[in-house]
Amino acid sequence: MFLLIFLLIPILAAIILFLVKKESTGNAIAIGAGLLSLFGAVYIITNKTESFDVSWLAAINSRFLLQADGLAKILVLLTAITFPSIFIATNKNHIQNKNSFLGLMLLTQAGLMGVFLAGDALLFYFFWELALIPVYFLCSIWGGEKRIAITFKFFIYTFLGSLLMLIGIVLLYSNTTDHSFLLSSFKNAHLTNAQQLSAFALFFIAFAIKMPIFPLHTWQPDAYEQSPTAVTMVLSAVMVKMGLYGVIRWLLPLFPMAAAAHSNMVITLSVVGILYASFIAIRQDDMKRLIAYSSIAHIGLMSAALFTNTSIGMQGVLVQLFSHGINVLGLWIIADIIEQQTGTRSMKALGGLAKQQPTLAILLVGFAFANIALPLTNAFVGEFLMFNALFQFNPWMAAIAGVSVVLAAIYTLNMVQKIAYGEISQATAKMEMPNNNAQGVLIVLLAIVFITGIYPQPLFNITADTLQQMFVK
Amino acid sequence: MNAIIVSTLLGVVMMFVSWGITSSKLQRSIGLFGMFVLILANLAQLNKWWVVDFDTKGMLAFNQIGLYVNLILFIITFIYLWINGAEIDKIGNHTADYYAIFFFILCGVSILTSFDNLLMLFIGIEILSIPLYILTGADKKSMLSNEASLKYFLMGSFSTGILLLGIAFIYGATGTFHLGLPQFNPITRMPYENFLMSAGLILLFVSMNFKVSAAPFHFWTPDVYDGAPTVFTPFMATVVKAAGFIAFIKVFEIQRFALGYNTWVIILPLVIVSTLLVGNITAVFQRSVKRMLAYSSIAQVGFMLFALYGVSEFNNTAILLYIVAYSLATIGVFAVLIKMKDYGFESFNGLAKAKPALALLTTIFLFSLAGIPLTAGFFAKYFMLNALLTAGAGLWLLIVAILFAAVSVYYYFKIVQAMYFVEGEPAIHPVDKSYEYKLWLIAIILLVLGVFPDLLLSYLY
């Protein structure tokens, strides 16, 4: 029951937001709902297992089943941290029709929570699509100049992927012995080898587009650049995790044979993607695009580690799901502050931030370290485990992927250098007042970065049961 | 039997109503009341409260599903008339006559849901079609409407000829018009009878495809839907097409049995894929929303044809959901379109700012047509895919269908984009609140069915 209420909080808040006219009330409602969800998420994590189960579509035996295991918990926590952080950090930004904007954001949150909590394939699909619809409107209404075409590309791309997944779901459903959509029945479905391979392909394409894995990534940098920054934060901190989540929750447990057969291909594609994205990131001048490409590189490493089929890699990914979200969220908030105050994202035009706003510069350096995965930061824990797994799988792959660490250092430090050091540029001179709200959020996030970097055990504890289920038979 | 008799009587009554009553508003109310009576009469038979029945010598057979389809189509017609009443008045000064025509069409619908004999199929289709030719040409002063009517009439007669020829061949092979399975058993036939039978069945198949506007027999559809008065187009595209489908499914059950599954595994996918291809790809390039919707209705037929693949109890219920979702959404979109001053995509520009409620409604209807979750259209598509897979169709067919579903998102969303993301003044006639409330009813049905499709489906268990 608690999970249902937890899911309804953002939906109800969104409905109220659509009806409320006054902007300051809207802000308060959104932040309140976000914080309420955060408390809810903390409650879910501290309790052992929560689940909610009622019959939904009796005719086809689909159930409205929500359940929180370790994997769901860590992503729910990430989502619950992300949204209030965004609301607080961007609450001074001027946005037209701000209440509708916040309402759509909360609907996205509800969709994402549903995706992570659903234990029934049809319900999962349902939320999977629902999370996309508000984002489509958010990006198309409030995005940059080329928003309509770019968002549409993004929408069609992911919609096509999810439709393919729908066929996969139908295929599995028709082969279950008890005709149900539950994950457990799907696991026991009798599939021939050929069926397993085609179902694997159908699911994989959907998740690969979402993550995105190398040749299917073309929607991403454009979409990140053209979206309003608050939405970009959601997209890169949480939404890409949907793809990784899908792989861990559905793809690997359901098709172990097909996954093992294709692991070489997927890992190769991922590694190619890592290098490709890293090299492009080096050449970027636009802050947003740089962060977007660096994010593709990090996600690529995670998808490679997933397909090594080792418990150490899985553990790394489970931690990194959370850490990557926090780090990239921090970078985006900094990018947003700079863009809001200077009106530019071009790094050439920036410089001297350390003199103009020392606090912000320190925060930037902190998140930059996390982005490079230096020891003591949270990303180090995950990346270390993931490289370890990749090394066990194939040392050459690990070596090639390892180049990306160096490349990450190059583009991230380059960014820090251009933005923070040097003479105060014309653009930077416009940054007169520090944005206290946003800096407060950043300080909290940076604290999470270092605490989980030094003492990651709580994250291991949350996800222990998922790991046990997958690797201890 | 109730529905057939009552609808005929109501049709006759409406024909004479205009003699005594001149107020078109009153005529409209009488028509709506008649519709209500018709629904009650059908409900009475469905629940066996009151049944008119006599021996039809096996011409008609009434079963639960047929009566349930009647009920659904009547309710859809009721909603359609209720929303569009004022617009129907504007077409000419023959309001009562239009309602008479509607009732005659519904008589044809009731025959098509209950025929058990090829002769009754023919009669049903004719009763359904002839009033439609009149409706298409109702706007006498418009050249387009006249052209559409003539075109529809000529093409329709041609396809009726094919239908009759097919029936004659089948009669030659079996010696009966009855649809009972024993006569169609392929094993008991002589070789030359087999030849007649195959020819007859294929001709029947062609003509049914024509009636539901499946490619490559669709050429009349865009011109007729585009030329007909806009208020009548949704009726033709929904209730009439749905009735045609129900008849098609019934005939096809026999066809499949008589010719064997293997023959149809080649023919049917050919029709399905070409229908999806023609409908979707052509819709992408349309400049007029009305014409786009005409092509999209062809595309939707492609999905509905899946129901033919696996004829079973459950698939029948699946097509019911599809019919409801598709019909209501189409009626809704057309109800908005009719308020537009012209039918280009640009006239929707900026609608979200000027009329937020209307824009939201249109979005819900379009989402349902595109099959996006939370609307009935999603489950309609889902059940169709499920029917296809359980019937043993190849995975490739599902993937083709899905690719075209993604294409359909492209042209439906063009309207959404115009409404929400493009600045501009929408070219729209004034819309009063009560009209919007009526549309909300449709939207709410679509949303409720989008979360609980069981409400509709469980009735049949």
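Predicted model: local features only at pLDDT ≥ 70, side-chain atom pairs only at ≥ 80, totals over all residues.
Two residues count as in contact here if their C-beta atoms, placed from the backbone, lie within 7 Å.

**Met384(B).** I started with this residue and skipped its neighbours within four places in sequence. That left me with contacts to Phe303(B), Phe306(B), Ala307(B), Ala318(B) and Tyr322(B).

**Core.** Next I looked up the largest nonpolar core, which has 360 residues. Met384(B) and Tyr322(B) are both listed among those with the most contacts inside it, along with Val76(A), Ile334(A), Leu321(B) and Ala325(B). I then checked which helix gives the most to this core: α5 of chain A, residues 121-142, with 18 residues. Domain 1 (1-254) and domain 2 (256-473) of chain A each supply at least three residues to the core.

**Helix pair in chain A.** Ile334(A) sent me to α13(A), where it is one of the residues that meet α15(A). Helix α13 spans residues 311-342 and α15 spans 358-372; I get an angle of about 145° with the axes 9 Å apart. The crossing is left-handed. On the α13(A) side I also have Asn327(A), Gly330(A), Leu331(A) and Ile337(A). Facing them in α15(A) are residues including Leu360(A), Leu363(A), Leu364(A) and Phe367(A). By class I count eight nonpolar and three polar residues in this contact, and no charged ones.

**A–B interface.** Last, I went to where the chains meet: 23 residues of chain A are in contact with 24 of chain B. On the chain A side, α5 and α6 (147-174) are the elements that give two or more residues. The largest share, twelve residues, comes from α6(A). That side of chain A has 19 nonpolar, three polar and one charged residues.

Key
Residues numbered from 1 in each chain as written. Chains lettered and ligands numbered in written order. Core = buried A, V, L, I, M, F, W, Y, C linked by C-beta atoms within 7 Å. Buried ≥ 20, exposed ≤ 12 C-beta atoms within 10 Å, placed from the backbone. Helix = DSSP H or I, 4+ residues; strand = E, 2+ residues; numbered from the N terminus. Domains from an automatic or database assignment. Axes fitted to C-alpha atoms, helices over the stretch in contact; angles between N-to-C directions. Left-handed = near helix turned anticlockwise from the far one by under 90°. Nonpolar A, V, L, I, M, F, W, Y, C, P; charged D, E, K, R; others polar.
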